Amino acid sequence: MDFTISEKMQAILALINEFVDRELIPLEREFATKSFAQMEPTLNAKRDMVKKMELWAPNHPVEYGGMGLTLVEHGLVSEALGRSPLGHYVFGCHAPDAGNAEILALHGSKEQKEKYLAPIIDGRIRSCFSMTEVDLPGSNPVMLDTTAVKDGGNYVINGHKWYTTAADGAKFAIVMAVTNPEQPPYLRASMIIVPTDTPGFNLVRNIPVMGHAGDGYFSHAEILYQNCVVPQENLLGGEGHGFVIAQERLGPGRIHHCMRWLGICNRAFDLMCHRACHRQMGPGKTLASKQIVQQWVADCAAKIQAARLMVLHAAWAMETKGHKEARDEVSMIKFVVANTMSEVVDKALQVHGGLGMTDDTVLAFFFRHERAARIYDGADEVHKVSLARRILKRYENISVR
Ligand SMILES: Cc1cc2nc3c(=O)[nH]c(=O)nc-3n(C[C@H](O)[C@H](O)[C@H](O)COP(=O)(O)OP(=O)(O)OC[C@H]3O[C@@H](n4cnc5c(N)ncnc54)[C@H](O)[C@@H]3O)c2cc1C
């Protein structure tokens, strides 16, 4: 694996880092106290600047108006943008739109692409992904209660979902629902596009997460689908192909998430080191002189470096060997990077003392919002169990001396 970053990417990363430092980080104090709705005009102005700089939608194909970066290249961009909670949104490569656009590009009909894909990539509308249910384990997603029953030329959808991120203000949801109950578990569900103004799409509430319900893009909704009727042409991909498509959506998405988390690690690490060097603890002594803090700095530096190399390797493996062959690498990075991020953010917050608990730095935001990294897109334990099973299987029929 070659770790050289091309000249093109070095130039792109320099521009992005400068933009994050100059235009986004100064907005974070305001962002911590205002709603998304209040921030939206400012964020839209920043988005226009990004478009003018031709750095918009780095992950999306050129033919759809993106920059067409490869997985590794976009991973590096994601790391740079992850330094601010506003980065991905302002550059048009934010979840869940990024994943939804990917599956629409791969599986959408011509009409679906025109109606939904083009405006998402352009940033004119937002979307959400509605799979997890209130009463059933997201860790075993084949257990789904939501149904989509055919009625004439329509589907009638009923179900109770939650954690549908960014549903508030989204134009449509991609809903996972059982369409073929007679099939084996992995072939029972389909993805169906549901415009959020369809009668029967009921957004019950934005769920309070660690004390913050949020709004707009920065929220997670509970949704009741009650006799929600959409035409059959809103089926995305084949009937019963929901889980196959979901797997495709998660693979590259995990690389993007992990690189974003590394961006968070880098920012938290910078804040930690800066604070340690400048916090006077006595005459001529700063926090940086304390051996415990020095150990945290060394441990965090090494863990970030190890995690980063693992993610770049996983992205490279996915690009060169394909998703299936890179399954082990992807499982590993998902839990290693999520835990590294938890630890680095926690240590950075600790070094800041009382200040770390306030919203005067971005650390408290990271601490609240990013704990979820160990739960979504497969909880730590799910990845560990499936990775261990695959590894152990290889030892069943060989002898080792
Ligand atoms: C911030 C956030 C955003 C999200 N966004 C979305 C979204 O946009 N769309 C969407 O559909 N969903 C979303 N989710 C839901 C997420 O995908 C689920 O929370 C996740 O799949 C876990 O499902 P669960 O919450 O039902 O936990 P459960 O499945 O009930 O699992 C609970 C715990 O059990 C343990 N566990 C599970 N399986 C095993 C195992 N095999 N062995 C050992 N232990 C195990 C794990 O510790 C796990 O955390 C989001 C969640 C969060 C927190």
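The questions and answers below concern a predicted model and go through its domains, its core, the surroundings of its ligand and some backbone details.

Reader: Which domains does the domain assignment give, and how far apart do the C-alpha centres of domain 1 and domain 2 lie?
Author: The assignment divides the protein into domain 1 (7–101), domain 2 (127–236) and domain 3 (244–393). Taking the C-alpha centres of domain 1 and domain 2, the distance between them is 27 Å.

Reader: How many residues of domain 1 and of domain 2 are in contact, and which elements give two or more residues to the side of domain 1 that touches domain 2?
Author: Nine residues of domain 1 meet eleven residues of domain 2. On the domain 1 side, the classes are four nonpolar, three polar and two charged residues. The elements that contribute two or more residues to this side are H3 and H6.

Reader: Leaving aside neighbours within four places in sequence, which residues is Ile 157 in contact with?
Author: Ile 157 is among the core residues with the most contacts inside the core, as are two of its partners, Ile 192 and Val 194. With neighbours within four places in sequence left aside, the partners of Ile 157 are Thr 146, Ala 148, Val 175, Ala 177, Ile 192, Val 194, Tyr 225, Cys 228 and Val 230.

Reader: Which domains each give at least three residues to the shell around the ligand, and which residues come nearest?
Author: Both domain 2 (127–236) and domain 3 (244–393) supply at least three residues to the shell, while strand S1 (127–130), strand S3 (154–165) and helix H13 (380–393) each supply at least two. By class, the shell consists of eleven nonpolar, seven polar and one charged residues. Of the 19 residues around the ligand, those that come nearest are Met 131, Pro 137, Gly 138, Ser 139 and Glu 381.

Reader: Where is Trp 162 found, and is it buried, exposed or partly exposed?
Author: Trp 162 is found in strand S3. Residues up to four places away in sequence aside, Trp 162 touches Thr 132, Val 134, Ile 207 and Glu 222; from Trp 162 to Ile 207 the C-alpha distance is 8.1 Å, although 45 residues separate them in sequence. Because a buried residue needs 20 or more other C-beta atoms within 10 Å and Trp 162 has 19, Trp 162 counts as partly exposed.

Reader: What is phi of Tyr 163, and is this residue buried or exposed?
Author: Tyr 163 also has its place in strand S3, and its phi is positive, near 60°, in a residue other than glycine. Since 21 other C-beta atoms lie within 10 Å, Tyr 163 is buried.

Reader: Where is Ala 57, and what is its phi?
Author: Ala 57 lies in the loop between helix H3 (36–52) and helix H4 (71–81). It is buried, because 25 other C-beta atoms lie within 10 Å. Most residues other than glycine have a negative phi. For Ala 57, which is not a glycine, phi is positive, at about 50°.

Reader: Which residues does a cis peptide bond join, and what is omega there?
Author: Most peptide bonds are trans. Pro 96, in the loop between helix H5 (87–90) and helix H6 (97–107), is joined to Ala 95 by a cis bond, and omega is about -5°.

Conventions
Residues are numbered from 1 along each chain as its sequence is written. This is a predicted model: local features need pLDDT of at least 70, side-chain atom pairs count only at pLDDT 80 or more; totals for chains, interfaces and linings use all residues. A nonpolar core is a set of buried Ala, Val, Leu, Ile, Met, Phe, Trp, Tyr and Cys residues joined through C-beta atoms within 7 Å. A residue is buried if 20 or more other C-beta atoms lie within 10 Å of its own, exposed if 12 or fewer, and partly exposed in between; C-beta atoms are placed from the backbone. Two residues are in contact if their C-beta atoms, placed from the backbone, lie within 7 Å. A residue is near a molecule or strand if its C-beta atom, placed from the backbone, lies within 6 Å of it. Helices (H or I, at least four residues) and strands (E, at least two) are DSSP runs, numbered from the N terminus. Ala, Val, Leu, Ile, Met, Phe, Trp, Tyr, Cys and Pro count as nonpolar, Asp, Glu, Lys and Arg as charged, and the others, Gly among them, as polar. Domain bounds come from an automatic or database domain assignment.
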